[in-house]
Every structure is written in structure tokens, then in C-alpha cells.
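User: I would like to go through this model in questions and answers. Please give the cut-offs as the terms come up.

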Amino acid sequence: MLDNAAITRRQLLVATSMVCAGGATSAQSLAGGAAQSLGKLAGRSSRLFGFAIHPEVAQKDPVRELVRQHGSVITAENAMKWRNVENAAGMADYTQADRVAAIANGLGVPLRGHTLAWHQSTPGYLTSATSAEFIRAQTGHAQAMTQRYKGRIHTWDVLNEVIDGEAPGGSGLRDSVLSKLWGTTRYPALFELARTSDPKAKLAYNDYGMEQDNPWCERRRTAVLRMLESWVRAGTPVDVMGLQAHLDLSRPFSAPVLLKFFDELRALGLRIQITELDARDSAVPGDIATRDAAVASLYRDFTQACFSHPAVEMMVMWNVTDGDSWINRWTQGQRRSDGQPMRPLLFDAQGQKKPAFVAVANAMRDASVQFEGYG
Ligand code: XIL
């Protein structure tokens, strides 16, 4: 799934020139950016900025303070996933999900609901269910979540990760427990359920691997546009494309390519949310300064592109510091060949601002295009 191509020559050159020229990496720029709240900077162009949080981690500094200072929207990293809410049949426990909702409430910021349906969050007890049993359980879960948090969710990620650009036969759809037991033709029914149950929540389709400039991302963009177009044509109540944006320094980035995709989504009447942003630096050799400069350069290009497009509403980081990033926790993920942890976020493990923070802050500050709202 992940490309292992080496970092491009251009990315290394950009990184090196940023280090040499002092660019976004100088102490002065870091200090200048330090005073800024990213949530406030995003707000200048009517956008939101925030983080995915784990309720335990979000209670301790530095994460607690960073979320308070910079977040204007939050997502539950895992607490609202089906598997986390309902481990055994009929034994739903909303304690953790409620804690995240309470944190958002306490901060006075909107909450993204993540996610009603995802093959990876299907509870274990359903792996050998019949289709009828699965449909009953998935419907019940989606009803329960949308009712429990009714009126409190800015956007629900209704459906997560059903695209597969390499699917045999060219269907563009992932083969999974959802496609088998729920059925691909019934995906729109989940959006209808959510709209009826919580009419105020915006409804998103959320997926990864569409933000960069290589054939793998291109196939995934083509597949998602085909699916969304068919839904929109059929009147499915989908409002938002959620782009996870787990960026990877091993893949090229092209602002024109991304902006063309944004235009295509907007032409379908959709708004765009960046939902799980981070940047893997497993392909960047060198010392920390070099790596951080390469990460900052990608964040700068990506944020500038996003904040130049009227359909982009928000940018949510997947976790807060390099120390709590899922990239270093997730056992199935890539690792660096030098054995060092990756540095994918805007703050280091101590909560200090990295060059990527300055790059994002500057891109937000320079944004000249406002989010257009929902027409
Ligand atoms: C990840 C969490 O961060 C991990 O803690 C968990 O073990 C697996 O899921 N796409 C998504 C997110 O939509 O829900 C995933 O979150 C990361 C990839």
C-alpha cells in the first residue's frame, strides 16, 4: 500500500536550502511563530484547525495545553469507533466517547465524529455474522451514535476507507467486511440514516492516499470521484470529502494536481476537510534538522494549497506531538531504517514547536481565500 520510493531530489534540495538559508527553521522564525494560535490563524480565513485526541493523553501536558492553545476543532482518535464503543454484542460503553465530547464542550470547540462505519473498527464479535445480522448491528450502532451525540457533532465521518484503486476488475472499491456484509450498493443508506437521525451534522466520506502526485494516488482519486459522482447523482446526502492526508515524504507533492482534485470535488457540490494530517519522514535520511526542514517544506506546500481553495473548511492533525503520534505507535506501519522514531507532526515529543509549525502558521497567515461555507 505504501510507496517506498526514495525521497525526491527536489524535496532534499528544498530541505537543504531551508536549513542553509535559515528559512522557516531559524530560531527567530520559531520564536515569531510561537506566539500564534493556529486555531486563530485558521479562523482568519473562516477555517478551523485542530487535533485528533485520546482522552487520557489530552488530559496531560504538553498535549492538554497545545490543544487548548491551538485547537478550534477536535476529533476522537479512537474513542468513537464502533470497536471501541461496543466490544461485545449489546454491551455498548460510551465512557471514552463521552469524555472526548466533554473535552470539546469544555474547550468550546466543535467535535468531528469519527467514524460510523469502517472495516477496521468492526467489533470482533461480528466477524462471522451473516449479512442480515451485520446490517442490523451496523444500523443499530449508527443510530445509537448519531442519536447520542445529536446536535453536538460538526461533521460525521459516516463512512471510512472503502476505496481501493487497485481493486480487481476495476471496481475501485475495497473488498472488506463492509463490502461483503453491508454491501457496496448500500453505502448511501448510511448517509441517509445519519441525515435523518442528526439533520444538523455535516456528513463526510473519509479516505486516505489522494493528496500526492503519483499513480497510486491518482488511481485512488479517480475511484473516489467515480463513487462520489454516482452518489451525488442519486441524491445521497453527502456534504464533505474528508481527506485524511497522511502525507509521505517518499511521494512527490504537486499543488496543481491537488487543486484540480479539489475543483473536481467542489464541482460535485462537496466541501473539503483535511481530517488526519501528518507527514511520514521514513524516507528522509540525515539529522533531525534536515528531516524537520523536509517535513516543514511539505507542510508549507500542502497548507498553502489547502488555504488557497474556497472549498477547504478545516485542517485536523492526527494527534498532537511526535511523542503521541500513531505513526510511531502503530505496529503495522513503516519504520525508519536508522531505527529513529518518525517526526510527523508540528510539535516535538516535548511539545516544542518544530519548523513545520512555522510553515503552517505562515501559510495560514498568508491565506487570501476564505472558506466559502455551505451554499
Ligand atoms: C488509527 C489510530 O490512530 C490508532 O491508534 C489505531 O490503532 C488505528 O487507527 N485512518 C483512520 C484513523 O481513519 O481512524 C486511523 O486511526 C488512522 C488511519
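User: Does A245 count as buried or exposed, and at what relative accessibility?

Analyst: This is a predicted model, in which local features need pLDDT of at least 70, side-chain atom pairs count only at pLDDT 80 or more, and totals for chains, interfaces and linings use all residues. Residues are numbered from 1 along each chain as its sequence is written, and side-chain values use heavy atoms, with hydrogens and water left out. Buried means under 20% relative accessible area, exposed over 50%, and partly exposed in between, with a 1.4 Å probe and protein chains only. A245 therefore counts as buried, its relative accessibility being 0%.

User: Where is A245 placed, and what is its phi?

Analyst: A245 sits in the loop between β6 (240-243) and β7; helices (H or I, at least four residues) and strands (E, at least two) are DSSP runs, numbered from the N terminus. Most residues other than glycine have a negative phi, and most peptide bonds are trans. A245 is not a glycine, yet has a positive phi, near 60°.

User: S46 also has a positive phi. Which accessibility class does S46 fall into?

Analyst: The phi of S46 is near 60°, and the residue lies in the loop between α3 and β1. Its relative accessibility is 41%, so S46 counts as partly exposed.

User: How many helices and strands does the protein chain have, and why can it be called as compact as a globular protein of its length?

Analyst: The protein chain has 14 helices and 9 strands. The globule rule is 2.2 Å times the number of residues to the power 0.38, and the radius of gyration is taken over C-alpha atoms. For 375 residues the rule gives 21 Å, and the chain is as compact as a globular protein of that length because its radius of gyration is close to that, at 20 Å.

User: What share of the residues is buried, and what share of the contacts links residues 24 or more positions apart?

Analyst: Of the 375 residues in the protein chain, 56% count as buried. Contact means heavy atoms within 4.5 Å. Among contacts with a separation of 6 or more, residues 24 or more positions apart account for 80%.

User: How far apart are the mean positions of the positive and negative charges?

Analyst: Lys and Arg count as positive and Asp and Glu as negative, while His and the chain ends are not counted. Each charge is placed at NZ of Lys, CZ of Arg, CG of Asp or CD of Glu. For the 41 positive and 38 negative charges of the protein chain, the mean positions are 3 Å apart.

User: How many aromatic pairs are there, and of what kind is the pair of F253 and F302?

Analyst: Rings of Phe, Tyr and Trp (its six-membered ring) pair if their centres lie within 6.5 Å; planes under 30 degrees apart count as stacked, over 60 as edge-to-face and the rest as tilted. By this rule there are 9 aromatic pairs. F253 and F302 have their centres 6.0 Å apart and their planes at 70°, which makes the pair edge-to-face.

User: Which parts of the chain does that pair link, and what are the relative accessible areas of F253 and F302?

Analyst: F253 is in the loop between β7 (246-248) and α11 (255-267), and F302 is in helix α12 (residues 288-306), 49 residues apart.

User: Which residues does V109 contact beyond its neighbours within four places in sequence?

Analyst: V109 lies in the loop between α6 (95-107) and β3 (111-118). V109 is buried, with a relative accessible area of 15%. Leaving those neighbours aside, its contacts are G71, S72, V73, I74 and A104.

User: Which residues does S37 touch, not counting those up to four places away in sequence?

Analyst: S37 is in the loop between α2 (27-34) and α3 (38-43). S37 is buried, at 9% relative accessible area. With that exclusion, S37 touches Q69 and H70.
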